Amino acid sequence: MHPVRKQRLYLVLFVVLFSSAAVGLVTYALRGNINLFFPPVDVAAGKAPSGQSIRVGGMVVEGSVQRSDSSLDVHFELTDYEASVPVVYSGILPDLFGEGQGAVASGVLDASGVLQATEVLAKHDENYMPPEVADALENSGYDHKGNAK
Amino acid sequence: MTRPGALAFSARVLRRQLVLAVRRPVEIGNPLLFFAMVVALFPLGLGPAPAQLSLFAPGILWIIALLSNLLTSDAVFRGDFEDGALEQLLLAPQPLFLSVLAYICAHWLVTGLLLALVSPVFAVMLHMAPAGIAALVLSLLLGTAVLSLVGGIGAALTVGLRRGGMLISLLILPLYMPVLIFGSAAVQAALSGLAAGPYLAILGAMLCLGMALAPLAIAAALRISVDA
Amino acid sequence: MWSFFHKLGSPPWLYAISGSILRWLLPATLLALAVGLAWGLLFTGPEARQGNSYRIIYIHVPAAVVALAGYYVMAIAGAVNLIWKMKMADVAMKSAAPIGAALTFIALVTGAIWGKPTWGTWWVWDARITSMLILLFLYLGVLALYEAFDNKAAAGKACAVLSLVGMVNIPIIYKSVDWWYSLHQPASIKFIGQSTIDSSMLHPLLLMIAAFYALFTCCLLLNMRAELLQREARTNWVKKLAVAADSRG
């Protein structure tokens, strides 16, 4: 083979080989759950460290929000439909926070498995719809994602 | 005299760069000294409270490694550019891809590798728990290699400019950021008792991609800078 | 067909054709922006959970989409210059950079304004927002590198290399919300299957995205025309234009 073409062939092979290795490593890594937030199932299984600041993300369990009468304390639970984590927060919650909505709480997990949150952020999903559509879905027995309740 | 094959040639380039570096041990020692002094700055500035320092230790160590790499990246090609050796390299029949890899490998061997090996000492100075040290060394070994490759791109783009200085930092810091994110996350994970494997795999992936593509960019940039 | 591309390589021809395109594109863009904004801001109902604060989507999403597309335009134009040595592609790359940077900045700022009432914070270091910030730094790096070279031909080629290196960031920005659990929500406009945004809100959004693409093209052409006049200032065709403009008053 022409020496220059041989060089180019080796070069192309090298690039392809290492790019594929990169893709393979990324696939391995993404399967290993490197989220920046802990899902409740990991927290319940004891995989999250206590005594350190962590972030837990999930949906606020319906009926779990309890506000105190005398202070800004609020108790609620976050779930990923496999496990739940109780959260305690003292402060003003964002407007979008609500039961059945997504939220991310950051704070310290105490010895009894309760997250003492220092910050609660509301996450909203990718569904946008006018209030009438949302009400109609609600009345006909579907949740806001269009899934049957 | 027969023309040396591509691998033999790049091995010679590597050896040359290493010999040149070793002849100036001050230039190898300077980044390490910088690392040590900046590590000392943190307890001095933030207060020596062990608990707080150990909390931030992974990030601090990684940021300082990044900054030391930034300082040494500028000089990778400058010496050879100024005395014309680089132009000779560009005219050589051996593929520039491999020669460039040799330059970067030499740079990593005298900066990133040493930094990674010395880092446990500084980790202890910042009261980092021993659980994180293995992840620290591994993440630095992989990460500084990526930093050397990316730094090489910045160096090649700016080697011909007189007022390079700050510019190389502006160019390569955005590309350094993902390496920092995953490097320090690997150490944080190890300290929390979680697996650092996935983060190290991502650093490995960056390294593979960098080794495949950065030499192409560096070679193109060197040709542009020398022709300018 | 290729003769069209060859003609694009001629500065006076490019100047002339960009002028005739702008003559209709500029008013069309302004009209589309006006209609889209009015439709989205005034004539669409509030959202079920976010109320009226979601309306910033009509600026935030188009700006972000076109910022990403603009980076590809810049990188591909740079590559065309590197490979085929087409100087007009170099002009296109240089003209695209500041527009893309501005759009990225707008996307970040409107995102922060949206985030404060809805998420509860101005800024969060999640995957998509961090990689958009990196995109802004990449754009600014290209601008800085161009200015640092005295030899502008070399500057164009160096910026082309830098833009191509930064191209790895774009798929990461796009896919980051799918790969990692992040605060930023996943895409609502789906290319396959049903979009998860109600059509009364989707249509003005699509119009605004088209309008922003048109706006990018207008700004690009305007910048390119200015750059062309600067580069070719000593040629006859520019002198003729200057004399004609002078005599028109």
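# Briefing on chains A, B and C

From the N terminus on, the elements of chain B run α-α-α-α-α-α-α-α-α-α. This chain therefore comprises 10 helices and 0 strands, and its radius of gyration of 18 Å is close to the 17 Å that the globule rule gives for 228 residues, so chain B is as compact as a globular protein of that length. The model described here is predicted.

**Chain B as a whole**

- The C-alpha trace of chain B spans about 60 × 35 × 30 Å along its principal axes.
- Of the 228 residues in chain B, 54% are buried.
- When contacts in chain B between residues at least 6 apart in sequence are considered, 82% of them join residues at least 24 apart.

**The interface of chain B and chain C**

- Between them, chain B and chain C bury about 1,700 Å², and 84% of this area lies on carbon and sulfur atoms.
- Three residues, B:L157, B:P174 and B:I224, supply 29% of the area that chain B buries against chain C, which is more than any other three residues supply.
- The contact draws 20 residues from chain B and 20 residues from chain C.
- Across this interface there is 1 residue pair in polar contact, with both residues at pLDDT 80 or more.
- Three helices of chain B, namely α8 (133–158), α9 (166–191) and α10 (197–227), each supply at least two residues of the side that touches chain C.
- Helix α9 of chain B gives the most to that side, with 9 residues.
- By residue class, the side of chain B that touches chain C divides into 17 nonpolar, 1 polar and 2 charged residues.
- The count of salt bridges between chain B and chain C is 1.
- A salt bridge links C:D150 with B:R162, and the closest N and O atoms of the two residues are 2.7 Å apart.

**A salt bridge within chain B**

- Over all chains, the structure holds 7 salt bridges.
- One of them joins the side chains of B:D80 and B:R16, at 3.1 Å from N to O.
- This pair links distant parts of the chain, since B:D80 belongs to helix α4 (residues 78–83) and B:R16 to helix α1 (residues 6–23), 64 residues apart.
- B:D80 counts as buried at 7% relative accessibility, whereas B:R16 counts as partly exposed at 36%.

**Salt bridges within chain C**

- C:R231 forms a salt bridge with C:D90, in which the closest N and O atoms are 3.1 Å apart.
- Distant parts of chain C are linked by this pair: C:R231 lies in helix α8 (residues 199–231) and C:D90 in helix α4, 141 residues apart.
- C:R231 counts as partly exposed at 32% relative accessibility, while C:D90 is buried with a relative accessible area of 5%.
- The side chain of C:R231 also meets that of C:E227 in a salt bridge, at 2.9 Å from N to O.
- Both C:R231 and C:E227 lie in helix α8 of chain C, 4 residues apart, which is about one turn of the helix.
- C:E227 is buried, its relative accessible area being 9%.
- Through salt bridges that share partners, C:D90, C:K94, C:E227 and C:R231 are joined into one network.

- B:H107 has its place in helix α6 (residues 96–110) of chain B and is buried, with a relative accessible area of 8%.
- Apart from neighbours within four places in sequence, B:H107 is in contact with B:N69, B:T72, B:S73, B:V76, B:G112 and B:S148.
- A:L78 lies in strand β3 of chain A and counts as buried at 0% relative accessibility.
- Although A:L78 and A:V60 are 18 residues apart in sequence, their C-alpha atoms are 4.7 Å apart in space.
- Neighbours within four places in sequence aside, the contacts of A:L78 include A:P40, A:V56, A:V60, A:V87 and A:A105.

**Two loop residues with positive phi**

- A:Y81, a residue other than glycine, has a positive phi near 65 degrees.
- A:Y81 is found in the loop between β3 (73–79) and β4 (84–90) of chain A, and it counts as exposed at 65% relative accessibility.
- C:K85 is likewise not a glycine and has a positive phi of about 55 degrees.
- The loop between α3 (57–84) and α4 (87–118) of chain C holds C:K85, which counts as exposed at 64% relative accessibility.

Key
Residues are numbered from 1 along each chain as its sequence is written. Chains are lettered from A and ligands numbered from 1 in the order in which they are written. This is a predicted model: local features need pLDDT of at least 70, side-chain atom pairs count only at pLDDT 80 or more; totals for chains, interfaces and linings use all residues. Side-chain values use heavy atoms; hydrogens and water are left out. Contact means heavy atoms within 4.5 Å. Buried area is the accessible area (1.4 Å probe) that two parts lose on being put together, summed over both. A salt bridge is a side-chain nitrogen of Lys or Arg within 4 Å of a carboxyl oxygen of Asp or Glu. A polar contact is a pair of N or O atoms within 3.5 Å; within protein, one must be able to donate a hydrogen and the other to accept it, and residues adjacent in sequence count only if both atoms are side-chain atoms. Ala, Val, Leu, Ile, Met, Phe, Trp, Tyr, Cys and Pro count as nonpolar, Asp, Glu, Lys and Arg as charged, and the others, Gly among them, as polar. The radius of gyration is taken over C-alpha atoms; the globule rule is 2.2 Å times the number of residues to the power 0.38. Buried means under 20% relative accessible area, exposed over 50%, partly exposed in between (1.4 Å probe, protein chains only).
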